[in-house]
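Subject: Structure handover and notes

Hello,

Please find the structure below, followed by notes on what was found in it.

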Amino acid sequence: MTQTSVSTHAWTLMALLGAIWGASFLAIKLGLEELPFLTLVAHRVVWACLILWAYVLIRGLAVPRDRRIWGAFLVMGLLNNVIPFGLMAWGQQFIETGLTSIFNAGTAIFGVLVAAAVFADERLTMRKAIGVLIAFFGVAVAIGLESFQQFDIRSLAQLAVIGGTISYAFAAAWARKTMSHLPPQVSAAGMLTGASVIILPVTILVDGVPQVPTLPQTWAAIIYFGIVGTALAYLLYYRIITLAGSGNAMLVTLLIPPVAILLGALVLGERLAPSAFAGFGLLALGLIVIDGRIFGMLRNR
């Protein structure tokens with residue numbers, strides 16, 4: 001579902017979602033000051049899961065009964081929540097909030113490649129291939145040459161975050177293949193259920209019983225990224241897809257890094273290297289080329 005025009009209302013919602021997801025990176029960073037990363041992920045998916053199921057029940061949406069669908073939810077929870085949330089939270093312990101958000105914007109790039117490999121109607125055109133190459137160069141620039149020359153924990157953290165974006169890409173393909181017939185709110189609730197089933201025993205095994213936070217900022221972080229940054233954000237994202245189409249919704253990925261970079265600088269005093277901004281510029285250019293609408297606008301002039 002792709003549309004070439006976006007209403008003012010849709011742009012407003014996209015800006016709001018970009019701000020919400022951008023601030024989520026700060027909330028995760030603050031939560032990591034007290035809690036282990038797996039415990040943090042467990043808090044995020046469990047509370048969001050409960051809220052979304054409450055929404056589903058209040059709306060009277062049908063709850064799936066087919067075991068195959070619940071199996072699909074389990075895989076989706078692993079690919080779209082457990083792996084990327086875990087890798088990115090672990091990575092944020094060693095790299096800046098803004099840099100994490102820049103790498104996160106590469107999700108759309110890997111999504112194009114995975115979709116081209118899996119679906120016959122998502123072939124990789126010349127324009128998309130050029131956009132992917134530009135974006136990949138942007139990721140390399142954001143990582144920095146020094147990371148290639150001397151591999152350290154920071155380098156590993158950057159690769160972990162990129163691994164999370166690759167997992168998101170496979171999750172998108174899996175969702176299209178197995179869950180496109182379901183209401184998106186039900187899919188989101190089921191996905192988070194699958195994620196909770198996986199992350200809770202892993203967290204207990206590694207961290208012990210999830211601890212109760214003692215710092216007010218940790219509680220604020222959990223409430224934010226669990227309720228606002230996950231549950232509410234998913235509902236808002238699907239609303240944007242309804243209004244503007246999935247192609248336009250991809251543009252949200254370009255709105256997230258500026259918010260995350262600004263908050264990281266204001267709250268945490270983070271300062272990114274010029275290469276990070278240059279890398280984001282190239283990544284944004286790659287996404288614009290993949291999107292392709294700017295070329296249609298130029299041809300119509």
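Which residues does glutamine 92 touch, not counting residues up to four places away in sequence? They are Phe25, Ile28, Lys29, Leu32, Thr97 and Thr100, where contact means heavy atoms within 4.5 Å.

First, the ground rules. This is a predicted model, in which local features need pLDDT of at least 70 and side-chain atom pairs count only at pLDDT 80 or more, while totals for chains, interfaces and linings use all residues. Residues are numbered from 1 along each chain as its sequence is written, and side-chain values use heavy atoms, with hydrogens and water left out.

Glutamine 92 belongs to helix H3 (residues 67–92); helices here are DSSP runs (H or I, at least four residues), numbered from the N terminus. Glutamine 92 counts as buried because its relative accessibility is 1%. The classes are buried (under 20% relative accessible area), exposed (over 50%) and partly exposed (in between), using a 1.4 Å probe and protein chains only.

Helix H1 (residues 8–31) and helix H4 (residues 97–104) have axes that come within 9 Å and cross at roughly 130°, so H1 is oblique to H4. The axes are lines fitted to C-alpha atoms, for helices over the stretch in contact, and the angles run from 0 to 180 degrees between N-to-C directions. Angles under 35 degrees count as roughly parallel, over 145 as roughly antiparallel, 65 to 115 as roughly perpendicular, and the rest as oblique.

The H1 and H4 crossing is right-handed, a term used if the near helix is turned clockwise from the far one by less than a right angle. On the H1 side the contact is made by Phe25, Leu26 and Lys29, and on the H4 side by Thr97, Thr100, Ser101 and Asn104. By class, the contact of H1 with H4 has two nonpolar, four polar and one charged residues. Here Ala, Val, Leu, Ile, Met, Phe, Trp, Tyr, Cys and Pro count as nonpolar, Asp, Glu, Lys and Arg as charged, and the others, Gly among them, as polar.

The crossing of H4 and H8 is right-handed. Leu99, Thr100, Phe103 and Asn104 of H4 meet Arg154, Gln158, Val161, Ile162, Thr165 and Tyr168 of H8. The contact of H4 with H8 comprises five nonpolar, four polar and one charged residues.

The largest nonpolar core has 88 residues, and those with the most contacts inside it are Ile102, Phe103, Leu192 and Tyr234. Such a core is a set of buried Ala, Val, Leu, Ile, Met, Phe, Trp, Tyr and Cys residues joined through side-chain atoms within 4.5 Å. Isoleucine 102 is in contact with Ala142, Pro257, Ile261, Leu272, Ala276, Phe280 and Leu283, leaving aside its neighbours within four places in sequence.

H2 and H10

Helix H2 (residues 37–59) and H10 have axes that come within 8 Å and cross at roughly 45°, which means H2 is oblique to H10. This H2 and H10 crossing is right-handed. H2 contributes Leu40, His43, Arg44, Trp47, Ala48, Ile51, Leu52 and Tyr55, which meet Ile222, Phe225, Gly226, Ile227, Gly229, Thr230, Ala231, Tyr234 and Leu235 in H10. The residues of the contact of H2 with H10 divide into 12 nonpolar, four polar and one charged.

Tyrosine 237 lies in helix H10 (residues 216–244) and is partly exposed at 24% relative accessibility. Not counting residues up to four places away in sequence, tyrosine 237 touches Leu17, Trp21 and Ala249. Tyrosine 237 and leucine 13 are 224 residues apart along the chain, with their C-alpha atoms separated by 8.4 Å. Isoleucine 240 is also found in helix H10, but is buried, with a relative accessible area of 0%.

Two further residues

Leucine 78 is in helix H3 and counts as partly exposed at 32% relative accessibility. Leucine 78 touches Ile83, Pro84, Ser167 and Ile198, again not counting residues up to four places away in sequence.

Proline 201 is in helix H9 (residues 184–207) and is partly exposed, with a relative accessible area of 45%. Proline 201 and alanine 42 are 159 residues apart in sequence and 9.6 Å apart in space, C-alpha to C-alpha.

Regards

Methods
Helix = DSSP H or I, 4+ residues; strand = E, 2+ residues; numbered from the N terminus.
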